[in-house]
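Subject: Structure for you to look at

Hello,

Here is the structure I promised to hand over. Please open it beside this email and follow along.

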Amino acid sequence: MRDEAIMVEIAVPGQRWEVEFMEDGTVVIEKFISDGDIYDVKEIETLFKDFSD
């Protein structure tokens, strides 16, 4: 997030986009794309192991 921008989050099937509109007219887009895999509750342990301090 930037103080000089407005960010819009857009969700479509299998993707989430963050679109930032800057004061100077620049538009920046970041796309988060799913590989389609669905996980069960066991994945929580993996996520905590891999991403916690």
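Below is what was found in it, from the whole chain down to single residues.

Please keep in mind that this is a predicted model.

**The whole chain**

The protein chain has three strands and one helix. Along the sequence they come in the order β-β-β-α. The radius of gyration is 16 Å, while the globule rule gives 10 Å for 53 residues. The value is well over the rule, so the chain is more spread out than a compact globule. Its C-alpha atoms fill a box of roughly 45 × 30 × 10 Å along the principal axes.

How much of the chain counts as buried? The share is 9% of the 53 residues. The accessible surface comes to about 4900 Å². Carbon and sulfur atoms make up 55% of that surface.

Residues 24 or more positions apart account for 2% of them.

Start with Glu20. You will find it in strand E2, which covers residues 15-22. Is Glu20 buried or exposed? Its relative accessible area is 9%, and buried means under 20%, so Glu20 is buried.

Next, check what surrounds Glu20. Beyond its neighbours up to four places away in sequence, Glu20 touches Met1, Arg2, Ala5, Ile6, Met7, Thr26, Val27 and Val28.

Leaving aside residues within four places in sequence, Glu18 is in contact with Met7, Val8, Glu9, Val28, Ile29, Glu30 and Phe32.

Arg16 lies over the face of Phe32, 4.4 Å from the ring centre. As for aromatic pairs, the count is zero.

**Strand E1: Ile6**

Ile6 lies in strand E1, residues 5-12. Its relative accessible area is 58%, and exposed means over 50%, so Ile6 is exposed. Not counting residues up to four places away in sequence, Ile6 touches Val19, Glu20 and Phe21. Ile6 and Trp17 are 11 residues apart along the chain, and their C-alpha atoms are separated by 14 Å.

**Strand E3: Val27**

Val27 belongs to strand E3, residues 27-33. Its relative accessibility is 44%. That value falls between the 20% and 50% limits, so Val27 counts as partly exposed.

What does Val27 touch, apart from residues up to four places away in sequence? The list is Val19, Glu20 and Phe21. Val27 and Glu4 are 23 residues apart along the chain. Their C-alpha atoms are separated by 12 Å.

**Where to begin**

Begin at Glu20, which is buried. Among the residues it touches are Ile6 and Val27. From there, move to each of those two in turn. Ile6 is in strand E1, and Val27 is in strand E3.

Best wishes

Methods: Residues numbered from 1 in each chain as written. Predicted model: local features only at pLDDT ≥ 70, side-chain atom pairs only at ≥ 80, totals over all residues. Heavy atoms only, no water. Helix = DSSP H or I, 4+ residues; strand = E, 2+ residues; numbered from the N terminus. Buried < 20%, exposed > 50% of the residue type's maximum accessible area, 1.4 Å probe, protein only. Contact = heavy atoms within 4.5 Å. Phe/Tyr/Trp six-rings, centres within 6.5 Å; stacked < 30°, edge-to-face > 60°. Lys NZ or Arg CZ within 6 Å of the ring centre and 35° of its normal. Rg over C-alpha atoms; globule rule 2.2 N^0.38 Å. Areas by Shrake-Rupley, 256 points an atom, 1.4 Å probe, with all protein chains shown as cover.
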